[in-house]
Amino acid sequence: MSKKLEKNGLWESSRMMLPEHKEAYILYQQNLRKNSRPQLDDQETERLSSIIAESMLFRKEVTLVLFGEFDNSELTGVVTKIDQQQKNVRLARGNDFVWINTENIIGAMFY
Amino acid sequence: MRETAERVILLADCQSFYASIEKASHPECKNKPVVVAGSVERRSGIILAACPIAKQYGITTAERLGIALNKCPELVVLRPRMQHYINASMMITGIYEEFTNLVEIFSIDEQFLDITASIPLFGDPVTIAKALQQKVLLQTGVWIRVGISSNKMLAKMATDIWAKKNKDGIFTLPKTEVEALLWPQPVHKMFGVGSRMTTHFTRLGMHTIGDIARTPLPRLKDQLRFRFGKQSDIHAEVLWRTANGIDDSPVTPETFNTPPKSVGHMMTLPRDYMEPWEVDTVLLELTEEVCRDCRRKNYMGHVVTVNCMCSPYEAPTGFSRQMKLLDPTNHTKTVFEAVKQLFYKFWDGMPVRRVGVTISQLMDDQNYQLTLFEDQIKLRTLEKVTDSIKNRYGSTAIVRASSLTAAGQAADRSIKIGGHYK
């Protein structure tokens, strides 16, 4: 079977579209999928802080959910430092570590 | 595909799209014949769109501006604004998406809608089509014509053959009516049949769409194979399915998320280029654009293609040739060497009218082959810097010195989309 006779093949091969139009549409579709930053209430913020503190005190491995414009991501590690001035949390992962802005943390859990 | 429930597909087509948009922006031209046309000096002086009033004078799309002006001396000729049309088209897509999430763009002025699941919410197909027409007219000033059927092919033909011609701009072509309505239509009205194919069908004794539909597929394949050779089997099946109104292709909004197969740029030159240094200038500019696109999208290409068409227009010569590079790359200088090599191997020395550069067999550019004698890191950094300057301050913020010569087209290209002004 030829590709032209399968799925959307016939229309794909006869479509006439300016590359600029295509790009504008791809961007438009991406923006439709954009997440808005969740507003955490005080209780939830407190719960997250206690989990982060617990991880640092007892060196427990924690998984943090980080906000992303298009996709949220998860990072697992042990919290080794909390910088209250800069509002950063240092997450150690093996021999490596990352600094995470607390504003981006929208979830935390122990497994 | 869903076999049980019949789908409801619309094809919405914008009437004289560019001209309608311009009329909405120029209310003083409301009752005047308006066309949108490129400039004669730049060899793009053809009618891109003519409003219904202009069409009454016999002006047709793709006609030369001079001929159109002869037919109607009081014609209002407006310069195209391509970016504006793209924005308007996107706005129309947005309106369609208020009714269904299944909207597929077919061209700047035609879009498919699958409204099967929207009927319980918004009413029967004709009601939805009318609502679409009103909304689009109110928000953009464009009149849309809507073909309604159970698949994309029939919806398309419902629009082209009937909805564009009738007063309401809406036509329903049910699958059950294909034999009664579609089959008596002449062959040239069928989607995918142009003037040359019409001639072939006439020679085969097929004059109506029904003649094609009623021919058993194996026989049609044999007949076309006799004319076009072995490669025509697929074409024969496409035509046979079209004539019978068979099409199970889904409305696919996400179709543009698939990675591209090639990246290319092409341009018609404002005058014929005869000197090699002139041709080199545009070849380098095109190569730079292609490579910059690739770098932006994180691709490298393995195959370089060069297209060329030479004057005279009536008896053009030209070629389209490709070669494989030693390693995949998106580096302008490397690609340009290959482009030049190809061009000078096949150019017959005739004045060049149109050239194009494409790279294909794309792959991710994160892993690349190191070479012994080239400082690739340095080259990549240099291109990264020029790209970022262009991204920030516009594509003419930094250009090669040759682009500043009389042959250079970079500045002109940067203010155009698809060969017409933004």
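Into which domains is chain B divided? In this predicted model, local features need pLDDT of at least 70 and side-chain atom pairs count only at pLDDT 80 or more, whereas totals for chains, interfaces and linings use all residues. Residues are numbered from 1 along each chain as its sequence is written, chains are lettered from A in the order in which they are written, and side-chain values use heavy atoms, with hydrogens and water left out.

**View 1. Domains of chain B.** Chain B is divided into domain 1 (1-182), domain 2 (183-244) and domain 3 (259-421), with bounds that come from an automatic or database domain assignment.

**View 2. Domain 1 and domain 2 of chain B.** The centres of these two domains, taken over C-alpha atoms, are 27 Å apart, and their contact (heavy atoms within 4.5 Å) takes twelve residues from domain 1 and ten residues from domain 2. The area buried between them is about 960 Å², 67% of it from carbon and sulfur atoms; buried area is the accessible area (1.4 Å probe) lost by two parts on being put together, summed over both. On the domain 1 side, B:Met153, B:Ile161 and B:Leu182 lose the most area to domain 2, together 44% of what that side buries.

**View 3. Helices H1 and H4 of chain B.** Helix H1 (residues 17-25) and helix H4 (residues 82-96), both DSSP runs (H or I, at least four residues), pack at an angle of about 95° with their axes 10 Å apart, the axes being lines fitted to C-alpha atoms over the stretch in contact and the angles running from 0 to 180 degrees between N-to-C directions. That makes H1(B) roughly perpendicular to H4(B), a term for angles of 65 to 115 degrees. Residues of H1(B) including B:Phe17 and B:Ile21 meet residues of H4(B), among them B:Tyr85 and B:Ile92.

Technical notes:
Helices (H or I, at least four residues) and strands (E, at least two) are DSSP runs, numbered from the N terminus. Angles under 35 degrees count as roughly parallel, over 145 as roughly antiparallel, 65 to 115 as roughly perpendicular and the rest as oblique.
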